[in-house]
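Please open the model in your viewer and keep the selection tool at hand. We will go from one selection to the next, and at each stop you can check what is there.

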Amino acid sequence: MMFHLVLFPLMFTYMVVGLMPDEYFRQKIEIITETRDSLSEPVDAAMPFLDQYEAIWNSAKTLSLIGMDAIGARNSDDVTKILKDLPERITTAYQASVENVRKCEESNTKEALKDATYNLAVFCISVINISRDVRVKPNDANSWRLMHDHAKTISEVANSIRQVLIQSGSGIQACIETIGTIARITENLETMQMLARDGTLESTGDPFPNHREDMSGAAKRLVGAARLLVNGAISSNQEQVKDAAMTAEKTISDLANAVKSGVISLSIDDVGTRSLLLNGGTDVAKALSNILEFTKNAFGKSPNDASWDKLYSSVKELVNIVRSFLETVESV
């Protein structure tokens, strides 16, 4: 009977205050320790580093964001939820990070990634430990300071993993970033498309021919940028792919700006022509995004890999879409 009298208040405290037994934290720490120690264990089918690039990047980014959440927890309205979820989030993200690194084929890059990921475990464990102390003593300034410092280190080490990736895959990273830029461009063009159909897209009254050459020139330059991407992938040259991706990013931005300027120079009532130009610009942007995706996938692969066929086909598709877009521009 006495056992129940003691146990009930303890369980009630866990439920109401949101505290967790020490065993919960010990389990998370054991998982991280075991996961860290598995870094050097072989996997059944190792993959080229570049095939794992995005997965490693994303898991490192997740850990960095978790660290930032922990840093800002004290000033957050959701401080209780952040602290409650923190051990599970850190453990899951660290497991993913280790698994993604393990899957890479052996290389100098993998060794650098393993070192950084191994060291990351110390700070993940520290933050889990300190988060327990903070939840028990939420007004203890020293515990908050320690959690802030160690969470900051989690973000810094996770970012150092991303720096290793950038140094070893600058071309791949440039493709990823340019794909992100294109996604924002297409979203903007599609928003303009809706406004044009609704008749709420403004008109400057500016002569359309003032923008025709800007659109045509940018579209033609994109074909050249696409060929540079392919050449860089064929020669496995990260710098060449990086330069080509950056050129493509600037050129598609120029094209989008020219299309928008040309569209708003037309009358509000000319919905059909406006839609044709916006659709054409969007199609060109999406075709370029496909080329960047397939360049990233084909890089470093053998000439017989199926990813090359997809890359070559995507370039042909871009050429056809650009040709159609140029015909539309000339017909206005």
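This is a predicted model: local features need pLDDT of at least 70, side-chain atom pairs count only at pLDDT 80 or more; totals for chains, interfaces and linings use all residues.

**First stop: helix 4**

Select residues 79-102, which form helix 4, a run of 24 residues that reaches 34 Å from its first C-alpha to its last, close to the 34 Å expected at 1.5 Å a residue. Now move along to L86, where helix 4 bends by about 45 degrees, and look for the proline P87, which follows within four residues.

**Second stop: the largest nonpolar core**

Next, select I90, M147, M215, I252, L255 and V284, the residues that touch the most other members of the largest nonpolar core, which has 97 residues. Which helix gives the most to this core? Select residues 238-265 and you will have helix 9, which gives the most, with 11 residues.

Keep M215 in view and show what surrounds it: leaving aside neighbours within four places in sequence, M215 is in contact with F208, L255, A258, V259, G262, L277, F325 and V329.

Begin with T251, whose place is in helix 9. T251 counts as buried because its relative accessibility is 5%, under the 20% cut-off. If you leave aside the neighbours within four places in sequence, you will find T251 in contact with A218, R221 and L222.

Go on to A258, which also lies in helix 9. Is A258 buried or exposed? With a relative accessibility of 7%, A258 counts as buried.

**Last stop: S265**

Finally, select S265, which is found in helix 9 and is buried, with a relative accessible area of 7%. Which backbone oxygen does the side chain of S265 reach? Show the backbone atoms of G262 as well, and you can see that the side chain of S265 reaches the backbone oxygen of G262 at 2.6 Å. To see what else lies around S265, leave aside its neighbours within four places in sequence and select S203, T204, G205, D206, P207, F208 and H211, with which S265 is in contact.

Methods. Residues are numbered from 1 along each chain as its sequence is written. Side-chain values use heavy atoms; hydrogens and water are left out. A nonpolar core is a set of buried Ala, Val, Leu, Ile, Met, Phe, Trp, Tyr and Cys residues joined through side-chain atoms within 4.5 Å. Buried means under 20% relative accessible area, exposed over 50%, partly exposed in between (1.4 Å probe, protein chains only). Helices (H or I, at least four residues) and strands (E, at least two) are DSSP runs, numbered from the N terminus. Contact means heavy atoms within 4.5 Å. A polar contact is a pair of N or O atoms within 3.5 Å; within protein, one must be able to donate a hydrogen and the other to accept it, and residues adjacent in sequence count only if both atoms are side-chain atoms. The expected span of a helix is 1.5 Å times one less than its number of residues. The bend at a residue is the angle between axes fitted to the seven residues ending there and the seven starting there.
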